Amino acid sequence: MVSIEVPAEYGYCVLVAVFSIFMLIWKAMKVGGARKEFKVGYPTMYHKNNDHFNCYQRAHQNTLENYPQFLILLLLGGFYNPIVSAAGGAIWCVGRIVYALGYYTGDPKKRINGSFAYIGLFAMLYCTVRLATGMLEWF
């Protein structure tokens with residue numbers, strides 16, 4: 001049986017998880033504002049003629065599609081190294097904000113400015129893989 005001790009620094013991972021919730025709320029509010037601005041009513045998810053609105057919706061939806069992986073990597077990786085995992089999580093969140101701001105311009109190519117979020121994702125992935133290999137006593 002393997003026991004995992006929760007280091008005090010794990011609190012940073014919890015704070016990043018909370019920050020990520022505020023990031024999601026901000027994105028939801030931006031979509032709500034875009035609905036009013038572009039006159040796109042519910043339940044329409046994507047507008048067939050308004051790509052600018054679709055950019056707002058897509059920025060939010062894409063983050064929601066990636067959010068479960070983010071949380072798993074952040075919270076599990078934090079058991080291995082909470083500082084690296086929390087820093088990776090913060091980088092991912094900021095990258096997703098920059099991604100959205102680029103998308104909100106209406107030019108989807110500008111979303112690429114947030115691609116540095118992958119640095120954070122890979123840091124969390126590394127920590128999670130090291131947690132697993134340590135538990136299995138491979139390394």
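**A guided reading of the predicted model**

At 34% relative accessibility, Tyr-80 counts as partly exposed, a class that lies between buried (under 20% relative accessible area) and exposed (over 50%), with a 1.4 Å probe and protein chains only. This is a predicted model, in which local features need pLDDT of at least 70 and side-chain atom pairs count only at pLDDT 80 or more, while totals for chains, interfaces and linings use all residues. Residues are numbered from 1 along each chain as its sequence is written, and side-chain values use heavy atoms, with hydrogens and water left out.

Tyr-80 belongs to helix 2; helices are DSSP runs of H or I with at least four residues, numbered from the N terminus. Beyond its neighbours within four places in sequence, Tyr-80 is in contact (heavy atoms within 4.5 Å) with Tyr-126, Cys-127, Arg-130 and Leu-131. Between the C-alpha atoms of Tyr-80 and Pro-108, 28 residues apart in sequence, the separation is 36 Å.

Thr-133, in helix 4, is buried, with a relative accessible area of 8%. Setting aside neighbours within four places in sequence, Thr-133 is in contact with Trp-138 and Phe-139. Thr-105 is 28 residues away from Thr-133 along the chain, and their C-alpha atoms are separated by 43 Å.

The interior may be followed through its nonpolar cores, a core being a set of buried Ala, Val, Leu, Ile, Met, Phe, Trp, Tyr and Cys residues joined through side-chain atoms within 4.5 Å. The largest nonpolar core has 16 residues, of which Phe-70, Leu-74, Trp-92 and Met-124 touch the most other members. Helix 1 (10-38), helix 2, helix 3 and helix 4 each give two or more residues to this core, and helix 1 gives the most, with six. A second, separate core has twelve residues, among them Val-31, Ala-34, Cys-55 and Tyr-103.

There remains the largest pocket, with a volume of about 230 Å³. A pocket is an open set of points on a 1 Å grid over the protein atoms alone where a 1.4 Å probe fits, with protein on both sides within 12 Å along at least five of seven lines; lining residues have an atom within 4 Å of a point. Of its 14 lining residues, Asn-62, Arg-96, Tyr-99, Ala-117 and Tyr-118 are the closest to the centre. Helix 2 (51-80), helix 3 (82-103) and helix 4 (117-135) give two or more residues to this lining, and the largest share, four residues, comes from helix 2.

Terms used: Grid points are joined across faces, edges and corners, and a volume is the space filled by probe spheres set on the points.
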